[in-house]
Amino acid sequence: MSVFYDVSKFSEFDIYLFREGKHTKLYNHFGAHLMHREGVLGVYFALWAPNAVGVSVRGDFNDYDINSHHLKKRDDESGIWDGFIEGVDIETTYKYHIYTNEHNANADKADPFAFYAEVAPASASKVWSLNNYKWQDKEWMHGRKKHNSHTSPISIYEVHLGSWKRKVEEDNRFLTYTESAHELSKYLVEMNFTHIELLPITEYPFEGSWGYQVCGYFAPTARYGNPDEFMEFVDIMHKAGIGVILDWVPSHFVMDGHGLMNFDGSCLYEHKDPRQGYHPEWGSAIFNYDRDEVRSFLISSAMFWLERYHLDGIRVDAVSSMLYLNYAREEGEWIPNKFGGNENLGAIKFLKDLNTSVYGVFDDIMMFAEESTAYPMVSAPVDVGGLGFGFKWNMGWMHDTLKYMKNDPVVRKHHHHELTFSFVYMYHENYMLPLSHDEVVHMKGSLINKMAGDYNQKFANLRALYSFMIAHPGKKLLFMGGEIAQFSEWNYKQSLDWNVLEYPNHAGIQKMVKELNKLYKEEPSLHRFDTDIHGFEWIDEMDYEANVITFIRKGDSKDEPIIVICNFSDHLRENYPIGVPKRGTYQEIFNSQSKEFEGWGATNPEPIKTTAKEQHGRKNRLLVTLPALGVIFLKRV
C-alpha cells in the first residue's frame, strides 16, 4: 500500500475559514474519507496537529506498523497533515501515531473527526461512510418547523439508551439503536410525548460518565450499533412523529490518553494553564474557546449532527461552567479576563457563533442551554446582545418546586414563595421546565421519594407536581422512570423498574402523564404562549394559608382559556370560590386526584355554572371542590 499526497480535500478558502474560527463543516474535510483515486478505492486521511514533527496512520491494514504510512504536512502553516492510502476499506480500524518532541506525550491518538469507533474499552477509530443510508423522513423534515417552534407543544422524554430497557435474558445486554427505536417510538406515541432527548451518545470511554466525558465528537457510540443504525433510529422516530434532541457536551472533554488531551504533544484543544484548562468538578479538560480552530471544531460538531443525522435540536450541557472563569473554583484558582472580570469571553463568543451558525442553516431546529445562573439574555437573539439559544432550562423553577414539594403540607404556607417565585421571571427567557436525570442520582433520591407524606400522599404529591408542571408556562422535560414513579434512583447499569407497573399507584401515574401530555398537545391555551406573557394571568397567588394558587393559561382569542387550581394542602376544600374572566358553564377537564389515576376521588363531575358575585376582582365566580393534594383544570363549555 502506498500513500499519495495529491488528493487534498481542502481549498485555500477552507483553510482560511478554519483558521478564522468560521468553518462550520470541517467533517467534510478532516477525518477518514473513503474515495477513489485513479479508479483505486482507498481512504483520504487528514488531521490537525501543528506541533507534531511527524504523523503516520497505523491500523488493521498495516498490522499497526507505525512506520509504513506517513502523512505529509501541508506547507501553508495550517498545521494539517494529510494523504491518501489505497486499499483501505470501510470498518478498518486505525489510529494516528504522532511524533513529537514532548517525551511524555501519548503517541497514539484516535481520530478527532472519526465517524465510528471500536466499542469501549477498545479505543481505535474505524473507517465509515455516511453516504450509504437512505433516509425516509422527508415528510417530517419538510414539516418539522411546526413541531419545534415556540408556539408548539414540546414535551420531552429524556432517555439514557443504555438503561431504558435491557435484554436481561441475554446477559443484560444493551438494546441496539434499532431495537430501541422500535420500542421507544411506540412508547412515546402511546404516552403522547412530542420529542425524545438522548443523554450524550457522542463516543465516550467510561460507561459511568453516562456519555458526558466525550472523546468522539463526530461518532455515535458503538455500544448500540453503527452510524447507519443510529440514522435508522432517528428515521424511525421521525416516521412516528417524534423529534430527536441530542445532549451535547462542548464544555469539557475526557482526559484519556487516546483522546484530545495534549493531542500533538501540546495543549492543542485545551488551555495549558490548569486554572483555565482543567475542570476541578469533573476531572476533565476545558476547551480553549479563544483558539479559532477549536471554535471551528466544536461548531462543526453541532452542525454535523444536525445535517448528517437529521437531529431536531441540541441541548448544550453545562453552559454555566463555560460562561464563568471562576466556576467551581476558589479565589486564586482562576485567571480573570482582560477586563478583570470572571466572564469567559472566548466561550461567550463561541456560544454566539454556534447559535448564529446552526440557526442560520436550520431555522426549524431548537437549541437548548442548560444554564443555572442569572446570566442575562441566554435565549435572546445574538443581534440584540443575547447568546442566541432558543430555550433555557429553568433550573430555578425545578429547585424551588422540588424544595416546596418536600415540605409537609402543614408548613407549606411558610414556603409559599418557593411555589410562586418562578412566576415572577417566567417570561424573562424562553424556558424549558426540566425534571431531569440530575435530580434522581447521587443519593438525591427518585422523584417519588422526594415527595412529602406517607405512601399514598407521595403519589398524590407527585401527581400534583406533574400537573403543576404541565400548567406552568414553559416547555416540558421528564427523565425516564419519572412517569412510572420508580422508587429507586436511576442506575445506568440496569433497566428501569418496569415491574412497578404491576402496582395500581404506579400504573396510575403513568396513565396520568399520558393524559397530561395529551391535554398539553390538544389544548392550545396550555402551550401556544409558553414563552409569551400573553399566555398567563393570575387569579389568586396569595392564598398561602390554604396552600392554594389559581391562574389562567391563555391562547389566541379563539382559544378557550384553561383555569388551573392547585391545592397543595392535605385538606379537601368544598365550595372554594374562584373568580373567573367570563360568565357561563365550566367543565372539569382534568383532576390529578381522579380515581382513574388511583387518586382519592374528590372531583367536580358535573358542569359548574358561574354566579354573578364578585371574587378576586372579577364579576363572576365559581364554587368548586378542591381535592387535597390535587390540581384541577377547568374549561368553559
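Me: How many aromatic pairs does the structure hold, and what makes two rings a pair?
Reply: The structure holds 61 aromatic pairs. Rings of Phe, Tyr and Trp (its six-membered ring) pair if their centres lie within 6.5 Å; planes under 30 degrees apart count as stacked, over 60 as edge-to-face and the rest as tilted. This is a predicted model, in which local features need pLDDT of at least 70 and side-chain atom pairs count only at pLDDT 80 or more, while totals for chains, interfaces and linings use all residues. Residues are numbered from 1 along each chain as its sequence is written, and side-chain values use heavy atoms, without hydrogens and water.

Me: Why is the pair of Tyr157 and Tyr187 called tilted?
Reply: The centres of Tyr157 and Tyr187 are 5.8 Å apart, with 55° between the planes.

Me: Why does Tyr157 count as buried?
Reply: Buried means under 20% relative accessible area, exposed over 50%, partly exposed in between (1.4 Å probe, protein chains only). Tyr157 has 0% relative accessibility, so Tyr157 counts as buried. Tyr187 is at 9%, and therefore buried.

Me: What makes the pair of Tyr425 and Tyr431 edge-to-face?
Reply: The planes of Tyr425 and Tyr431 stand at 75°, with 5.9 Å centre to centre. The angle is over 60 degrees, so the pair is edge-to-face. Tyr425 is buried because its relative accessible area is 11%, and Tyr431 is buried because its relative accessibility is 7%.
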